[in-house]
Amino acid sequence: MGDKEEIIRVEGLVKRFGKRYAVRDLSFCVERGDLFGFLGPNGAGKSTTLYILLGLIRADAGQAAIFGRPPSDLDGARRRVGALIESAAFYPHLTAQKNLEMSARLLGEDAIKTVPAVLEQMGLADAANLKVRHYSSGMRQRLGIARALLGSPDLLILDEPTNGLDPEGKEAAWRILEDFTQKQGKTALISSHLLHEVEEACNRVCVIREGEAVACGEVENLLAPDTRQLDVVCEDSDSAERLRELIGAVDWLEELQGGRAGERRMRLSCRGRRAADLSQFLIQNNIRLEEFTPVRQSLNDFFLNLTGNKK
């Protein structure tokens with residue numbers, strides 16, 4: 001935690017439906033300027049948490065606050081929050097522009113003035129006067145993001161914002177979110193299952209499993225090189241073969257990738273040992289290397305290791 005202003009604070013949050021815990025002792029913090037990824041398997045409690053933050057349901061215990069206020073007491077601050085939760089719903093017989101104007105009236109005159117800008121921002125200006133029933137699912141999703149942007153909010157809370165978007169639409173949506181946080185200094189909490197996109201765009205994440213946080217922090221810190229897994233390149237094929245013989249002779253060393261005869265590149269796992277132990281072991285056995293590099297895991301690997309979700 002740094003010295004930045006806390007925009008969202010969740011502490012010891014609990015929500016049950018009957019005897020089942022949807023959220024259990026969940027805590028995390030989102031600071032000003034964060035593009036914050038909120039991750040977890042299906043049924044982990046992500047949507048329930050977002051509902052609580054937006055005041056749509058009440059927690060059974062714990063605290064949640066936006067701009068220092070509980071969801072039940074946001075009052076004027078509610079206008080500082082733009083949200084998209086699950087599928088965006090619109091009046092199908094009205095045009096996109098009319099739908100947004102109706103939503104903007106709830107936010108005030110200034111929000112109505114932003115309708116043309118958000119339509120342009122989401123690439124819908126040319127379809128503004130088309131009735132929403134003629135929109136594709138991707139266009140509806142872009143319209144949902146546009147509605148969240150009405151009135152220039154200070155905080156966006158978006159649930160799977162790139163669902164249904166084509167690759168170009170996904171890239172555009174993430175560019176908008178990066179501009180929103182990095183250039184405008186605002187804040188976004190994004191629930192998503194597209195881990196490669198989150199890894200590229202978000203600066204901080206929280207991973208939850210069965211309603212509990214299992215990892216929170218800076219993406220770069222969470223994905224720091226794992227010194228128990230290393231990519232090595234042997235200087236010659238003879239060194240590679242001798243290394244494979246040694247791997248079969250010790251119980252703490254395993255070859256994860258490679259394996260073909262004569263292949264000099266391989267990924268090793270040294271169970272219960274450090275990279276320094278492996279380096280000393282290779283030197284003692286006269287294994288000559290060109291490369292010896294700790295592995296930086298992907299967010300997808302990190303997520304699967306934490307959640308046990310193999311999908």
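Select strand S3 (residues 35-39) and strand S7 (residues 187-191) in this predicted model. The two pair in the parallel sense over four bridges. Strands pair if DSSP finds at least two bridges between them. Helices (H or I, at least four residues) and strands (E, at least two) are DSSP runs, numbered from the N terminus. Residues are numbered from 1 along each chain as its sequence is written. In this predicted model, local features need pLDDT of at least 70 and side-chain atom pairs count only at pLDDT 80 or more, while totals for chains, interfaces and linings use all residues; side-chain values use heavy atoms, with hydrogens and water left out.

**Along S7**

Show Leu35 and Gly37 next. Leu35 stands opposite Ala188 in S7, and Gly37 stands opposite Ile190 in S7. S6 and S7 pair in the parallel sense over five bridges. Here Asp159 has Ser191 in S7 as its bridge partner.

Colour S7 by accessibility. Buried means under 20% relative accessible area, exposed over 50%, partly exposed in between (1.4 Å probe, protein chains only). Five of the five residues of S7 are buried, so S7 is largely enclosed by the rest of the structure. Which way do the residues of S7 point? Thr187, Leu189 and Ser191 point one way, Ala188 and Ile190 the other way.

**The whole sheet**

Six strands form it, in the order S5-S6-S7-S3-S8-S9, with mixed pairing. Strand S5 (81-84) and strand S9 (212-218) are the edge strands, each pairing on one side only. From one strand to the next, the twist averages 15°.

Then select helix H6 (residues 167-183). H6 packs on the sheet and touches S3, strand S6 (155-159) and S7. Contact means heavy atoms within 4.5 Å. The direction of H6 makes about 145° with that of S7. Axes are lines fitted to C-alpha atoms, for helices over the stretch in contact, and angles run from 0 to 180 degrees between N-to-C directions.

**A helix pair**

Move to helix H2 (residues 96-105) and helix H5 (residues 137-148). They pack at an angle of about 30°, with their axes 10 Å apart. That makes H2 roughly parallel to H5 (angles under 35 degrees count as roughly parallel, over 145 as roughly antiparallel, 65 to 115 as roughly perpendicular and the rest as oblique). Show side chains: Ala96, Leu100 and Ser103 in H2 meet Leu143, Ala146 and Arg147 in H5.

**A hairpin**

Jump to strand S1 (residues 6-17) and strand S2 (residues 20-31). They run antiparallel, joined by eight bridges. Arg9 has Cys29 in S2 as its bridge partner. The hairpin has two residues between the strands, and Gly18 takes a positive phi near 70°.

Pick Cys234: the nearest cysteine sulfur, that of Cys270, is 15 Å away. Cys234 is buried, with a relative accessible area of 0%. Cys206 also counts as buried, at 0% relative accessibility.

**Zoom out**

The C-alpha trace spans about 75 × 45 × 40 Å along its principal axes. Of the 311 residues, 46% count as buried. Among contacts with a separation of 6 or more, 67% join residues 24 or more positions apart.

Definitions and conventions:
A disulfide is a pair of cysteine sulfur atoms within 2.5 Å.
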